[in-house]
Amino acid sequence: MRCRYAFIVVCIALLVSIADAQAPRPDFSGVWGPYRGGRGGDPKLAAVPAGQPVLKPQYAKDFEARRAAEAAATQRGEPVATNGTLCVPYGVPTMMSVASYPVEFIQTPKQITIVTEAFGEVRRVYMDKPQHKIDDVPPGYYGRSVGRWEGDTLIVDTVGIKEAVQYQRIPHSDQMRITERIRLAAPNVLHDQITIEDPVVLEKPITYTLAYSRMPDYEMVEFVCDNNREYVDANGVVRMRTRGK
């Protein structure tokens, strides 16, 4: 009797797996702009911000001191530099939401490519491939992202983000892992639930949700961060730009 029961359970699990594999996948292709849930929108579909980050004691003190110094500088009219002002990529996960600029999804069976209008950042999600060990991924701005479908939800696993790339200036180690659950919360509203885990720096994961609305007729435009600190003089020499030049 037990053998028959176990056989039935295995068969049901197999059928569910086959049905899930054959189910039509939602199409995220196109341009999406930030969804605010304001006038005419559904506030229930709006983005869900992250809570206060909880860092391990050895990192929390420096983090709070740095935040206090940045707040004081801003009050003096001396805001700290951002990646944008330095012409440095925002990287993952910040690039998924920069001000009011949209993102574009290009979806194919083997790869989903995400392009941001702000600074033209590009990340590639390789579908149905095994993730490498964290220590085997060369650190970069975008790391290595692999994706798989769970029903109508795209699960994206990202590792290999270099430590200089931070979300809201929160430090992280080389063991950080980012998991995204991307799905259609409504026919024209896309949600990206982002969870940041770091066993070295964080006491508990950071989770927040980004919300986008479909922009069917929008064409992405060029956005290049140009170097405005240096110039080439008449003799072809690179010089630092000063006032009046």
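Helix 2 of this predicted model covers residues 57-75, a run of 19 residues. From its first C-alpha to its last, helix 2 reaches 27 Å, close to the 27 Å expected at 1.5 Å a residue. Its buried residues are F63, E70 and A73. These cover an arc of only 90 degrees around the axis, which puts them on the same side of helix 2. On the face turned away from the buried side, helix 2 carries the exposed residues P57, K61 and Q75. Just after helix 2 comes G77, with a positive phi of about 80 degrees.

To place this helix in the whole, the protein's secondary structure comes to two helices and eleven strands. Read from the N terminus, the order of the elements is α-β-α-β-β-β-β-β-β-β-β-β-β. The protein has 245 residues, and 34% of them count as buried.

**The disulfide**

Which cysteines form a disulfide? They are C87 and C225, and their sulfur atoms are 2.0 Å apart. The count for the structure comes to one disulfide. C87 lies in the loop between helix 2 and strand 2 (103-107), while C225 lies in the loop between strand 9 (206-214) and strand 10 (230-232), so the pair ties together parts that are 138 residues apart in sequence. Is this disulfide left-handed or right-handed? The torsion about the S-S bond is about -90 degrees, so the disulfide is left-handed. As for accessibility, C87 counts as partly exposed at 30%, and C225 counts as partly exposed at 28%.

**Backbone points to look at**

Some backbone angles are worth a look in the viewer. As background, most residues other than glycine have a negative phi, and most peptide bonds are trans. In this model the peptide bond from V92 to P93 is cis, with omega near 5 degrees. P93 has its place in the loop between helix 2 and strand 2, and C87 lies in the loop between helix 2 and strand 2 too.

F119 is not a glycine, yet its phi is positive, at about 65 degrees. You will find F119 in the loop between strand 3 (111-116) and strand 4 (122-127). Its relative accessible area is 22%, and F119 is partly exposed. D128 is another residue other than glycine with a positive phi, near 55 degrees. The place of D128 is the loop between strand 4 and strand 5 (144-150). Is D128 buried or exposed? At 59% relative accessibility, D128 counts as exposed, because the cut-off for that class is over 50%.

**Pockets and a cavity**

| Space | Volume | Lining by class |
|---|---|---|
| Largest pocket | about 400 Å³ | eight nonpolar, six polar, two charged |
| Second largest pocket | about 210 Å³ | eight nonpolar, four polar, no charged |
| Largest cavity | about 90 Å³ | ten nonpolar, two polar, one charged |

The largest pocket has a volume of about 400 Å³. It is lined by 16 residues, and the closest to its centre are T82, N83, Y90, Q166 and R169.

Which residues line the second largest pocket? One group is A47, V48, P49 and A50, and others include P93, T94 and S97. The rest of this lining is made up of Y167, Q168, Y208, T209 and L210.

How many cavities of 30 Å³ or more does a search of the whole structure find? The search finds one. This cavity is lined by 13 residues, and those nearest its centre are Y167, I170, H172, M176 and I196.

Notes. Residues are numbered from 1 along each chain as its sequence is written. This is a predicted model: local features need pLDDT of at least 70, side-chain atom pairs count only at pLDDT 80 or more; totals for chains, interfaces and linings use all residues. Side-chain values use heavy atoms; hydrogens and water are left out. Helices (H or I, at least four residues) and strands (E, at least two) are DSSP runs, numbered from the N terminus. The expected span of a helix is 1.5 Å times one less than its number of residues. Buried means under 20% relative accessible area, exposed over 50%, partly exposed in between (1.4 Å probe, protein chains only). The arc is that of the directions from the helix axis to the C-beta atoms. On a 1 Å grid over the protein atoms alone, a cavity is a set of points where a 1.4 Å probe fits but cannot get out, and a pocket is an open set with protein on both sides within 12 Å along at least five of seven lines; lining residues have an atom within 4 Å of a point. Grid points are joined across faces, edges and corners, and a volume is the space filled by probe spheres set on the points. Ala, Val, Leu, Ile, Met, Phe, Trp, Tyr, Cys and Pro count as nonpolar, Asp, Glu, Lys and Arg as charged, and the others, Gly among them, as polar. A disulfide is a pair of cysteine sulfur atoms within 2.5 Å.
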